[in-house]
Amino acid sequence: MKRILFIFLILLAAAAPATAAVNVVTTLPWIGSLAREIGGRGVSVTVLVKSHQDPHYVEAKPSMILAARSADIIMYNGLDLEIGYLPLILESSRNPKIMPGKPGNFDCSRFVTVTERPVAVDRSLGDVHPLGNPHYYFSPANVLRVAEGMAGRFTEIDGANAGRYRENLRKFVEQMKEKRKSWASLPLKGKKFVSYHKLFEYLAVEYGFGIVGYLEPKPGIPPSAAYVKGLLETVKREAPDGILATLHYGRKESEAFGMRSGLKVIILPSDVGSMPATDTWFDFMDKTLSALR
Ligand SMILES: [Zn+2]
């Protein structure tokens with residue numbers, strides 16, 4: 001038995017690829033999902049943040065630093081969404097490959113068109129979107145550009161597998177085209193919603209629905225009683241179709257407001273993997289958009 005096991009292990013070692021996969025570390029699950037699609041067999045992906053975590057308030061952990069230490073590339077959302085933990089992870093990892101300005105440092109937001117860019121940045125007011133709305137991963141147009149950027153960067157750091165990355169991108173673009181066609185046929189134009197957090201602005205713009213009010217007066221600031229009263233007036237005036245919230249933040253407040261306003265609460269995934277049947281970015285978008293119908 002031992003001998004068979006030994007032979008099996010030798011065969012396994014022989015079957016392993018000659019070159020090690022590119023070691024990718026991502027902050028958020030959606031970036032990990034995209035890296036798997038574009039990197040395919042050429043990459044191994046470690047995702048630092050769990051899909052049930054509020055991405056605005058993540059704390060650096062030793063396991064994250066350890067993962068970053070052996071990374072060939074770190075990929076992150078950007079727009080200061082990771083400001084509370086990523087700089088610490090980069091510094092503590094002492095990994096020169098992933099420092100800002102190096103090919104192993106990939107800021108996804110560099111490829112997107114950002115909305116709600118403030119004229120002046122002022123975090124002291126508690127706003128957790130200091131550089132504009134960071135939730136562009138609900139936008140097919142933006143995610144497509146991030147995917148193209150990823151393929152380019154994988155090629156730059158692993159030129160030997162350029163053909164593989166090009167082919168994976170081609171498949172992704174093809175699937176995106178098909179999905180966008182079916183998403184565009186959903187009857188969302190003209191719908192109105194109230195939202196807990198400023199999470200769905202990109203989605204609203206691309207699919208023609210409106211967000212008439214927010215439970216948070218500012219991203220990251222919980223509503224006061226006086227503010228909720230004002231929002232109830234907005235609901236009376238606008239008659240929206242529901243309240244948009246996610247499982248992991250804003251749910252309780254949204255349900256309480258639902259009771260007061262008579263609006264139904266629509267629970268949407270906050271990221272890839274945060275609800276059943278959201279294992280890839282495409283599944284995540286399917287789930288999100290079909291819940292809005
Ligand atoms: Zn946010």
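## Ground rules

Residues are numbered from 1 along each chain as its sequence is written. Because the model is predicted, local features need pLDDT of at least 70, side-chain atom pairs count only at pLDDT 80 or more, and totals for chains, interfaces and linings use all residues.

## Two domains

The domain assignment of the protein gives domain 1 (16-111 + 124-182) and domain 2 (186-291). Such bounds come from an automatic or database domain assignment. The C-alpha centres of the two domains lie 26 Å apart.

The domains touch: 25 residues of domain 1 are in contact with 23 residues of domain 2. Contact means that two C-beta atoms, placed from the backbone, lie within 7 Å. On the domain 1 side, α2 (29-39), α5 and α6 (162-184) each give two or more residues. Helices (H or I, at least four residues) and strands (E, at least two) are DSSP runs, numbered from the N terminus.

## The core

The largest nonpolar core has 63 residues. A nonpolar core is a set of buried Ala, Val, Leu, Ile, Met, Phe, Trp, Tyr and Cys residues joined through C-beta atoms within 7 Å. L34, I38, I74, M75 and A147 have the most contacts inside this core. Helix α5 (residues 140-157) gives the most to the core, with six residues. Domain 1 and domain 2 both give residues to the core, so it lies between them.

Take M75. Leaving out residues up to four places away in sequence, M75 touches V24, T26, I31, A35, F106 and C108.

## A helix pair

Helix α3 (residues 62-69) packs against helix α4 (residues 86-93) at an angle of about 55°, with axes 8 Å apart. Axes are lines fitted to C-alpha atoms, for helices over the stretch in contact, and angles run from 0 to 180 degrees between N-to-C directions. That angle makes α3 oblique to α4. Angles under 35 degrees count as roughly parallel, over 145 as roughly antiparallel, 65 to 115 as roughly perpendicular and the rest as oblique.

From α3, the contact uses M64, I65, A68 and R69; from α4, it uses I89, L90, S92 and S93.

## Two loop residues

R94 sits in the loop between α4 and β4 (105-107). Its phi is near 50°, a positive value in a residue other than glycine. R94 counts as exposed because it has 10 C-beta neighbours inside 10 Å. The cut-offs are 20 or more other C-beta atoms within 10 Å for buried, 12 or fewer for exposed, and partly exposed in between, with C-beta atoms placed from the backbone.

E116 lies in the loop between β4 and α5. E116 also is not a glycine, and has a positive phi of about 55°. With 13 other C-beta atoms within 10 Å, E116 is partly exposed.
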